[in-house]
Amino acid sequence: MTMRDSNRRYWQQGLLGCVLALAAMSASAQMAFDATRIGSAPATVQVRTFRDLRYRDMMQQHYDFSCGSAALASLLHYGYGLEVSETELIKKMLVGADPKEVVKNGFSMLDMKRYVESIGFRGHGFRIEPDALYQLQMPVIALMEVKGYRHFVVVKGASAGRVFIADPALGHRVVFERDFVKGWNGVVLAVVGDQPMLADSFLMRDRGSLALKRRMDVLDRATTPPPVLEFGLLRADML
């Protein structure tokens with residue numbers, strides 16, 4: 001290779017690196033960047049933003065009253081693979097309801113239970129103690145009170161004093177158990193289908209932290225006899 005060819009390849013590689021960096025900085029959503037026509041090394045780079053990761057395998061709510069429909073749509077779409085959306089669930093769950101009341105107070109767990117049962121799923125309400133969050137075998141929907149507002153989230157599990165949730169307003173996040181319990185009424189809704197949830201869903205896989213698990217007090221958990229559970233929950237027939 002001549003010095004001239006070497007310099008040309010150096011500048012081509014440098015140009016490719018600059019273009020890829022600019023694409024990553026300016027991306028506002030996940031996109032595929034085609035670099036096949038730049039330089040001598042064809043490549044297609046998948047670009048993800050922090051927002052993509054925050055809302056991975058879940059739906060963001062688009063209205064103040066739609067946290068419940070967004071949480072339920074996330075479970076059905078990303079948990080069970082159903083082709084549903086937040087907007088579709090709002091339209092269908094509004095049937096027979098007072099729109100003004102829904103806009104004011106949002107949907108209830110009973111609204112969600114009725115909807116999932118109308119499409120062949122089962123909705124089970126449970127009243128549980130915080131310790132049961134550590135035994136969850138599937139994500140569930142919980143109602144929290146945040147600064148005076150009722151807000152539905154998907155609870156994925158708990159580990160080492162932290163609760164892992166998919167929040168329709170804020171995305172995937174981790175909260176201390178004590179903070180979660182303060183605003184939680186102790187009731188969860190489990191949506192159960194004839195087929196199990198998709199094992200590769202982020203709602204199923206992102207249910208713990210390896211770093212936190214290393215710091216867990218294993219003896220404390222291991223010496224506590226587990227109660228009889230269904231789906232990792234004590235059945236209470238709340239709904």
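This is a short walk through one predicted protein chain, from its overall make-up to a few single residues.

Two notes on the model before I start. It is predicted, so local features need pLDDT of at least 70 and side-chain atom pairs count only at pLDDT 80 or more, while totals for chains, interfaces and linings use all residues. Residues are numbered from 1 along each chain as its sequence is written, and side-chain values use heavy atoms, with hydrogens and water left out.

Overall make-up, then. The chain has ten helices and eight strands; these are DSSP runs numbered from the N terminus, helices being H or I with at least four residues and strands E with at least two. Of its 239 residues, 41% count as buried. Buried means under 20% relative accessible area, exposed means over 50%, and partly exposed is in between, with a 1.4 Å probe and protein chains only. The accessible surface comes to about 14000 Å², and 55% of that belongs to carbon and sulfur atoms; the areas come from the Shrake-Rupley method with a 1.4 Å probe, and for residues only the protein chains shown count as cover. If we take contacts between residues at least 6 apart in sequence, 61% join residues at least 24 apart, a contact being heavy atoms within 4.5 Å.

Next, strand 4. This strand covers residues 140-146, and because five of its seven residues are buried, it is largely enclosed by the rest of the structure. Which strands does strand 4 pair with? One is strand 5, residues 149-159, in the antiparallel sense over seven bridges; another is strand 8, also antiparallel, over three bridges. Two strands pair if DSSP finds at least two bridges between them. On the strand 5 side, Val 146 has Tyr 149 as its bridge partner. On the strand 8 side, Ile 141 is partnered by Leu 189.

The hairpin of strands 4 and 5 has two residues between the strands, and Lys 147 there takes a positive phi near 55°. Most residues other than glycine have a negative phi. Ala 160 also has a positive phi, near 50°. Ala 160 lies in the loop between strand 5 and strand 6 (162-167), and it counts as partly exposed because its relative accessibility is 22%.

Now the rings. The whole structure holds three aromatic pairs. One of them is Tyr 63 with Phe 65, stacked, at 5.6 Å centre to centre and 20° between the planes. Rings of Phe, Tyr and Trp (its six-membered ring) pair if their centres lie within 6.5 Å; planes under 30 degrees apart are stacked, over 60 edge-to-face, and the rest tilted. Tyr 63 is partly exposed at 41%, whereas Phe 65 is buried at 16%. Another pair, Phe 180 with Trp 184, is tilted, with 5.2 Å between centres and 40° between planes. Both Phe 180 and Trp 184 are buried.

Last, two single residues. Is Ser 201 buried or exposed? Ser 201 is buried, at a relative accessible area of 2%. It lies in the loop between strand 8 (184-192) and helix 8 (202-205). Leaving aside residues up to four places away in sequence, Ser 201 touches Asp 57, Tyr 78 and Gly 79.

Asp 111 is in helix 6, residues 109-118. Its C-alpha atom is separated by 9.5 Å from that of Ser 69, 42 residues apart along the chain.
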